[in-house]
Amino acid sequence: MSGPAQSPEPALVALRGASFAYEEGPDVLVGLDFEVREGRALALLGRNGSGKTTLMRLLSGGLRPRAGTLTLGGEPVTYDRKGLTRLRTTVQLVVQDPDDQLFAASVGQDVSFGPLNLGLPDAEVRSRVGEALAALDIAALADRPTHMLSYGQRKRTAIAGAVAMRPRVLILDEPTAGLDPDGQERLLTTLDGLRAGGTTVVMATHDVDLALRWSDDAALLTPDGVRTGPTAPTLARTELLRQAGLRLPWGVAAAGLLRTRGLLADSAPGPRTAEELAALAAMATPTD
């Protein structure tokens with residue numbers, strides 16, 4: 001006889017029945033269930049005012065739910081010093097505007113702030129700072145004053161400060177906003193490297209095309225709650241997209257057209273990038 005079925009590992013971090021409202025304001029989130037699974041790149045999408053920023057701050061401990069529970073590895077988070085330290089060494093949030101996060105005189109000092117606050121030995125702090133600067137490709141900027149950085153460099157410095165904490169979950173609020181195309185590509189390459197190193201990345205974005213290209217799963221915030229699933233089929237649900245105030249990604253539309261014309265099998269994945277679309281088109285083009 002086979003043994004009992006093994007239950008899945010608990011989510012790295014999760015909200016169960018969470019509700020939140022700002023002081024004297026309406027409910028922002030009500031009875032929300034949301035979880036981050038290890039190793040899955042997750043895109044969080046929704047219109048302005050849907051609660052994305054509130055949700056991210058609840059996950060990182062910056063806000064406390066009015067009702068419901070935040071869990072870490074299946075265990076409820078306590079909001080005392082010990083509980084919050086445990087949470088913040090596991091989950092790190094990088095806000096959209098790097099100027100809201102940077103405050104030290106130089107890049108190296110700013111990135112070292114978190115590890116120093118953990119009371120780590122100097123050698124460990126230096127190791128973490130060096131590792132984070134290298135991961136974000138800004139090691140040459142270690143002594144640069146933060147007020148002399150470009151916008152993209154400030155973004156990378158803010159992310160490096162979070163990476164230096166060695167979190168298992170890195171949450172990014174609109175990380176590509178304000179970056180030129182080259183800056184976006186460099187950042188996505190960096191995130192791929194972090195994921196390969198074992199960091200689970202959550203990205204809040206308005207860009208459905210970026211979500212289709214980058215993420216494994218998509219979570220859409222709607223007035224009825226949050227809907228999460230594998231990215232491509234989730235972002236093909238037109239009614240759900242309408243409720244979330246989003247449009248159909250071009251890659252999903254292109255896949256639909258290719259399938260109706262018999263150029264893409266129903267079971268085959270659709271294109272996520274322009275390069276993948278060009279490759280599919282080349283394969284479908286008859287040659288002499």
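In what order do the four strands of the open antiparallel sheet come? The order is 2-1-4-5, and the pairing is antiparallel. Strands here are DSSP runs of E with at least two residues, while helices are runs of H or I with at least four, and both are numbered from the N terminus. Two strands count as paired if DSSP finds at least two bridges between them. At the edges sit strand 2 (27-36) and strand 5 (75-76), each of which pairs on one side only.

Before going further, a word on the source: this is a predicted model, where local features need pLDDT of at least 70 and side-chain atom pairs count only at pLDDT 80 or more, while totals for chains, interfaces and linings use all residues. Residues are numbered from 1 along each chain as its sequence is written, and side-chain values use heavy atoms, with hydrogens and water left out.

Back to the sheet: strand 1 (residues 13-21) and strand 4 (residues 67-72) run antiparallel and are joined by five bridges.

Helix 1 (residues 52-60) lies across strand 1, strand 2 and strand 4, and runs at about 55° to strand 2. For angles like this one, axes are lines fitted to C-alpha atoms (for helices, over the stretch in contact), and the angle is taken between N-to-C directions, from 0 to 180 degrees.

With a relative accessible area of 5%, Thr54 is buried; buried means under 20% relative accessible area, exposed means over 50%, and partly exposed is in between, using a 1.4 Å probe and protein chains only. Leaving aside residues up to four places away in sequence, Thr54 touches Phe20, Tyr22, Val28, Leu29 and Leu63. Contact here means heavy atoms within 4.5 Å.

Now for strand 8: what has it got on either side? Strand 3 (residues 42-45) runs parallel to strand 8 (residues 200-204), with three bridges between them, and Ala43 stands opposite Met203. Strand 7 also pairs with strand 8 in the parallel sense, over five bridges; there, Asp173 has Ala204 as its bridge partner. Five of the five residues of strand 8 are buried, so the rest of the structure largely encloses this strand. Both faces are covered, with Thr200, Val202 and Ala204 buried on one side and Val201 and Met203 buried on the other.

## Helix 5 and helix 6

Helix 5 (residues 151-163) packs against helix 6 (residues 181-196) at an angle of about 10°, with the axes 12 Å apart. The two helices are therefore roughly parallel to each other; the cut-offs are under 35 degrees for roughly parallel, over 145 for roughly antiparallel and 65 to 115 for roughly perpendicular, with the rest called oblique. On the helix 5 side, Arg156, Ile159 and Val163 meet Arg186, Leu187, Thr190 and Leu194 of helix 6. Those contact residues divide into four nonpolar, one polar and two charged. In this scheme Ala, Val, Leu, Ile, Met, Phe, Trp, Tyr, Cys and Pro are nonpolar, Asp, Glu, Lys and Arg are charged, and the others, Gly among them, are polar.

Helix 5 is mostly covered, with ten of its 13 residues buried. Among the buried ones are Arg154, Lys155 and Arg156. The cover over its buried residues includes strand 6, helix 3 (107-117), helix 4 (122-135), strand 7 (169-173) and helix 6.

Leu191 is found in helix 6 and counts as buried at 0% relative accessibility. Beyond residues up to four places away in sequence, Leu191 touches Leu172, Met203 and Trp214.

Thr90 lies in the loop between helix 2 (81-88) and strand 6. Thr90 is buried too, with a relative accessible area of 13%. Again not counting residues up to four places away in sequence, Thr90 touches Leu72, Pro167, Arg168 and Val169.
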